Amino acid sequence: MEQMDRTQPKDSPRVPVGTMGDGGTTYSGVNPNAVWLNSRGIWLSYVIAVTILHLILLSIPFLNVAQAWTLTNVVHNIGNYIFLHMLKGTPWETNWDQGKSRLLTHWEQIDFGEQFTTTRKFLLLAPVILFILASFYTKYDPLHFVVNLSTMLLVLIPKLPQLHGVRIFGINKY
Amino acid sequence: MVGGGKNTLSGSAPTANGHVKESNGFIPHSNGHVPHYKDDKIKKMSQESFEPVPLLVACLTYLGYGMLVLFGYFRDFLRKSGVETTHSTIERKKMRDFVPLYQSFESFYTRNLYTRIRDCWNRPICSVPSAEFDVSERVSNDGNWHLRLTGKSKRCVNLGSYNYLGFAEKSGPCADAAAGALQQYGAGVCSTRQELGNYSIHEELEQTTARFLRVEDAVTFGMGFATNSMNIPALMGGKGCLILSDELNHASLVLGARLCSTVIKVFKHNDIEDVERKLREAIINGQPRTHRAWRKILIIVEGIYSMEGSIIKLPDLIRLKKKYGAYLYLDEAHSIGALGETGRGATEYWGVDPRDVDIMMGTFTKSFGAAGGYIGGSKRLINHLRAYSHSTTYACSMSAPVAQQVITSMKIIMGEDGTNRGQLRIKQLAANSKYFRQRLVEMGFIVYGNDDSPIVPVLLYMPAKIAAFSRELYQQNVGVVVVGFPATPLVESRARFCLSAAHTREMLDKVLDAISDVGDRLQLKYSLNPPTKGVFAEECYRQVDCLSHEA
């Protein structure tokens, strides 16, 4: 069964891939994309990055608070979607897995496809928390609500385990 | 020994106040029996340190990589739109409508992160890599896409070569003997061991190796990587076998494991409890689907791990393997010649019987100044490997001068040449390693690994500091090896110093001053609990001075 004959460890981020001889990698065989989000300090860095984005948006003079919050939410969700669900493969060569990860998005590569891990739960919660904060700060205005909700759904639905590996209408398949 | 807040039998590193979170002193799976080790074994096991990354440094590292990625996308956009010239391979205009040959995203990392700092690696040298070497200078006009030799070279202290006992010399008894072997046997062999390529020097080499390792017999191969990748399939070829492999094993071991049709399970680095847990699970559940018993279980570990500088906990592993009936494969590529009182490797370091380790593998590349690898063990095992190994069947045997270099250096280490030069080298290496590491820790760097290992990794963490450290030290005539992602985990980029018996105290002091200066300028002294200065330095060299007076 696939569980047994992997050479990838399940729960440690301290895994090397290969030598940096030519900038590429050799066959020591673990996809760093699957484990780097488990590293120490990622959650804090993520929160800090979103905070910095929000502060930048708040400092634009012609945006009021509600618009700044909605924009933070939208930009965060679009970035989340592009990096986790649109870009496929890895930014380095994968000599060891015969191209299996080339067709997978980053979300599908996290933790080697195992569902309901801590990292996945964190990445699922982040847009939800941002949505709640944005709804509060926009005083539940209907237009802002529609925008925030639609971007949140855009980001939450691909993270469902039922949609693992699913490409609707063949978009983004290859 | 057991409690005291420091669980020395697992790999968990204590936090700043010595408290280890996941332990109450209980050792699982041993019926409450506390294994009785001599005191020095406990001391050895508690010498390893892997201080976790400070949180602020981790956040700044991610920020650094984030900026590099954003700028990478920006530069890629400029290249695509034609503003910037593209130096890497691109599709020809005629082939644009065909399915692309390369996925440009796969070379993103190489293009935008690695190439920018490419001058820190693969530096050509123009002398023998002993304690000092000549590094050729290179310049580039287009951001490291094309590097040009200037014709000049810098004499640098060599902290990058695996020259543990200093046998990488161009003159001396080893070189003379190798030249003699070249005259007698010729340069190459051009045949396999099983056909016409079995010379008397190969037999002598194998007997010397077996005597050195204190095992029954040994077989040698021309290439260290191939020793692992070609012999593990010969040992574990059948169905129903299981390999338990450490997560930080070298690529050759991983490749060898994958070339068999075995099930491979990976355990956490140097974590004996994890090994035991996986062994028990495997034995209880049996093979997948059929639940039959496993035919054999092999635990593959290394003596010293070259990226971490950690030493395998051998007595625990041997106890486990005897309890559960597994076999042990010990890859001593970095530990042979470097550990132990007389340089016999990890078994001597821990004081265990070499016959307890079923398969002792090692390479001649590191401590013997040659090339190739060996496997030592019982006569039955070696006879099997001589017949069934892919290397002895298909690969050319070791070249004679290389074999002679190994024989001569081994005899020097064993003291069979009548002098104590070998002992002196071993003591010098031990003194150098301890001194260097202690001084670095005192300066405030985060240093991984075991106090006794000659590999000293210093953590740099941030991507820009990888390049800055390498370049700054090169300016100060010190040649170091730096490693970053993806060879190491994302956050833990490091500079890896390899000590040698050929380094003198003066060289090391000069290097340490340069490292301290660069560390101050680059703010690399991250350690949150630096120890107080001690009189350690003089202690390290006391034994060496005694020996050199005798010699």
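In this predicted model, B:D217 is buried, with a relative accessible area of 10%. Its side chain meets that of B:K379 in a salt bridge, with an N to O distance of 3.8 Å. B:D217 belongs to strand β3 (residues 217-221) of chain B and B:K379 to helix α11 (residues 379-388) of chain B, so the pair ties together parts that are 162 residues apart in sequence. B:K379 counts as partly exposed, at 44% relative accessibility.

Two further pairs in chain B can be set beside this one. The side chains of B:E276 and B:K323 form a salt bridge; B:E276 lies in helix α8 (residues 272-285) and B:K323 in helix α9 (residues 314-324), 47 residues apart. B:E276 is buried, at 5% relative accessible area, whereas B:K323 is partly exposed, at 46%. B:K434 and B:D452 are likewise joined by a salt bridge. B:K434 sits in helix α14 (residues 421-443) and B:D452 in the loop between α14 and β10 (455-459), so this pair connects parts that are 18 residues apart in sequence. Here B:K434 is partly exposed, at 31% relative accessibility, and B:D452 is buried, at 15%.

| Salt bridge | N to O distance |
|---|---|
| B:K379 and B:D217 | 3.8 Å |
| B:E276 and B:K323 | 3.4 Å |
| B:K434 and B:D452 | 2.7 Å |

Over all chains, the structure holds 33 salt bridges. A network of such bridges links B:R75, B:D76, B:R79, B:E84 and B:R111.

B:E332 is buried yet has no salt bridge; B:R344, the nearest side chain of opposite charge, is 9.7 Å away. B:E332 is placed in the loop between β7 (327-331) and α10 (346-350) of chain B. A polar atom of the B:E332 side chain lies 2.6 Å from the backbone nitrogen of B:A346. Beyond its neighbours within four places in sequence, B:E332 is in contact with residues including B:G303, B:T347, B:M360, B:M361 and B:Y374.

Chain A has six helices and zero strands. Of its 174 residues, 45% count as buried. Among contacts in chain A between residues at least 6 apart in sequence, 62% join residues at least 24 apart. The chain exposes about 9300 Å², of which carbon and sulfur atoms supply 71%.

A nonpolar surface patch of about 880 Å² is made by A:L55, A:L58, A:V65, A:L125, A:I129, A:L133, A:F136, A:Y137 and A:Y140. The elements giving two or more residues to this patch are α2 (42-58) and α5 (118-137) of chain A. Helix α5 of chain A contributes the largest share, five residues, and A:F136 is found in this helix.

Key: Residues are numbered from 1 along each chain as its sequence is written. Chains are lettered from A and ligands numbered from 1 in the order in which they are written. This is a predicted model: local features need pLDDT of at least 70, side-chain atom pairs count only at pLDDT 80 or more; totals for chains, interfaces and linings use all residues. Side-chain values use heavy atoms; hydrogens and water are left out. Helices (H or I, at least four residues) and strands (E, at least two) are DSSP runs, numbered from the N terminus. Buried means under 20% relative accessible area, exposed over 50%, partly exposed in between (1.4 Å probe, protein chains only). Contact means heavy atoms within 4.5 Å. Accessible areas come from the Shrake-Rupley method with a 1.4 Å probe; for residues, only the protein chains shown count as cover. Patches are made of residues with over 30% relative accessible area and no salt bridge: like charges are joined within 9 Å, nonpolar side chains (Val, Leu, Ile, Met, Phe, Trp, Tyr) within 5 Å. A salt bridge is a side-chain nitrogen of Lys or Arg within 4 Å of a carboxyl oxygen of Asp or Glu. Lys and Arg count as positive and Asp and Glu as negative; His and the chain ends are not counted. A polar contact is a pair of N or O atoms within 3.5 Å; within protein, one must be able to donate a hydrogen and the other to accept it, and residues adjacent in sequence count only if both atoms are side-chain atoms.
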